[in-house]
Amino acid sequence: MQLYKRYCRETVDPAGRLQSMELVYPPDFNFGYDVVDVLARETPTDRALVWRGSEDRERTVSFEEMSRLSNQAAHVFLSAGIGRGDRVMVALKRHLSYWFVAVALHKIGAVLIPVPHMLTREDFAYRMACAQVSAVVCTPQNGVPQRVQEAVEDTGLPCRLFTVEQEWPDFQNLTQAMEGQPSVLARQETRAKDPMLLYFTSGTTGQPKGVVHDFTYPLAHIVTAVFWQQVREGGLHFTVAETGWGKASWGKIYGQWLAGCGVMVYDFDTFDPKQLAGIINRYQVTSFCAPPTVYRYLVKKGVPPMPSLEHASTAGEKLHPEVFRAFRESTGLAVREGYGQTETALLLANFRGIPPEEGAMGVPSPLYQVELHRPDGSLAEVGEIGEVVVRPRKGERPVGVFMEYLGDRQRYQEVWRGGVYHTGDAAWKDEKGTYWFHGRFDDIIKTGGFRVGPFEVEQVLMEHPAVLECSVIGEPDPLRGQAIQAVIVLSPGYAPTREMEQEIRSFANGKMAEYKWIRTIRFVSDLPKTISGKVRKGALRG
């Protein structure tokens, strides 16, 4: 059922291109009650989720079952004293439990904080302290409960701790606790403008910042799912993303269910492109979305036939033209690129009804007034590089654009200076109105589909006694898009040898989550700096 049509007024041309869209919703809109529970009543047997785990385990979950499981989980949380406004950190990898936990937290008005399971003890502690979390729900795998316990000890927060499927000392087994809980839940009071979701996203300076979205955020992903990913009613959509990253919200729950499309989940630990193709073929996946890294691996290994696949899309970084062409030659499908941020929903894309252009960001979503600005705030001309900004219509914050940076009003005001939201990304526009990516104005590294702030790596490097100064940059990498390179000035008494390089890399990588790992080290006698003493990363990249 295409439930999304109840929450928008859309105009579509004969080619299927979206011309305009206005979102309409009640003041107490809540995805849990108004989408999941409605689908459970009106299309109870339709599949919400097809989950495939290791050892050939698989399970199909209907909307009726998803509603019931989320209600039972909600009762467990409410009994633990967790309710409206409480912040709950969730590190559940690609476990099936993520979906009913997320919906349960939405229903009780708690703030869902998805995080990657790869985080270190220090990473967990920082995020817990920042958000002042009331509870943590985590996977029992990969040593995550131990790191969470250590982080709780570091922060001293009185957290309720839950794990799933297995027992763990000092954790309540949520799966077990749900047994016998009521399958119905009285509607809890929530408002559409309440905070619903908090993601931590990397910045160029300092630790990751908390990005907060309200309960209208799922509606912004109608455009993401229907007009970019081109999911269809009764289809099965597969987005490759761990639930701890914003990409999961784009492709694994909100817009897809609003469009009546099931979600394919492959719970893997080791990436294998052949296995992905096998999943697509076995479960007859109809639409697919993955970061460019995945497409690069698929093309490198040889793209196998995938006859059920109708549409393919990508986001996160630029897709190289040779990968675009190779995938199209193998499958007949053009990969449609899209662009947005953790702070926003989809802003630009190669939408349905528009022939996709190789390497293009696409055209603006009708939900947003996207412009290119010069440094002085004036509009850039055709062909001129400018910053991608979003101008609110009628002076109101657009649906899908974040409501605050957690505890940092100054940073929020900075990105909203001049009455527009500044993305920090540079692009140019051609005569047809198509946008083309030029680069970032800041120094975020996008590696293998992950965003890494240089400061996060630099502060670990500085703990090594041999490191006097350092700067971390991204360097071109044929598979990851960018690889992390550390440029280091050694302390007196240390020599730039291969052994020293290996020692520093092992030291730093042993203290960081794998997606932040340093791949290469370059020793220099000094770092290029501005007159104010800031490192000129552009010069290092050059």
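Residues are numbered from 1 along each chain as its sequence is written, and side-chain values use heavy atoms, with hydrogens and water left out. Because the model is predicted, local features need pLDDT of at least 70 and side-chain atom pairs count only at pLDDT 80 or more, while totals for chains, interfaces and linings use all residues.

In soluble globular proteins, nonpolar side chains tend to be buried together. A nonpolar core is taken here as a set of buried Ala, Val, Leu, Ile, Met, Phe, Trp, Tyr and Cys residues joined through side-chain atoms within 4.5 Å; buried denotes under 20% relative accessible area, exposed over 50%, and partly exposed in between (1.4 Å probe, protein chains only). The largest such core comprises 105 residues, and Phe 77 and Trp 257 have the most contacts inside it. A second, separate core of 48 residues includes Val 136, Phe 200, Met 403 and Val 472. Beyond its neighbours within four places in sequence, Trp 257 is in contact (heavy atoms within 4.5 Å) with Phe 31, Val 36, Leu 39, Ala 48, Phe 63, Met 66, Trp 99, Val 103 and Val 263.

Helices (H or I, at least four residues) and strands (E, at least two) are DSSP runs, numbered from the N terminus. Helix 1 (residues 31-42) packs against helix 2 (residues 63-79) at an angle of about 130°, with the axes 7 Å apart. Axes are lines fitted to C-alpha atoms over the stretch in contact, and angles run from 0 to 180 degrees between N-to-C directions. Helix 1 and helix 2 are therefore oblique to each other, since angles under 35 degrees count as roughly parallel, over 145 as roughly antiparallel, 65 to 115 as roughly perpendicular and the rest as oblique.

With a disulfide defined as a pair of cysteine sulfur atoms within 2.5 Å, the count comes to 0. The sulfur of Cys 261 lies 12 Å from the closest cysteine sulfur, in Cys 289, which is too far for a bond. Cys 261 is buried, at 0% relative accessibility, and Cys 470 is also buried, at 11%.

Lys 247, in helix 8 (residues 246-251), is buried because its relative accessible area is 18%. Excluding residues up to four places away in sequence, Lys 247 touches Thr 239, Ala 241, Cys 289, Ala 290, Pro 291 and Ala 315. Ala 186, by contrast, counts as exposed at 56% relative accessibility and is placed in the loop between helix 6 (174-178) and strand 10 (195-201).
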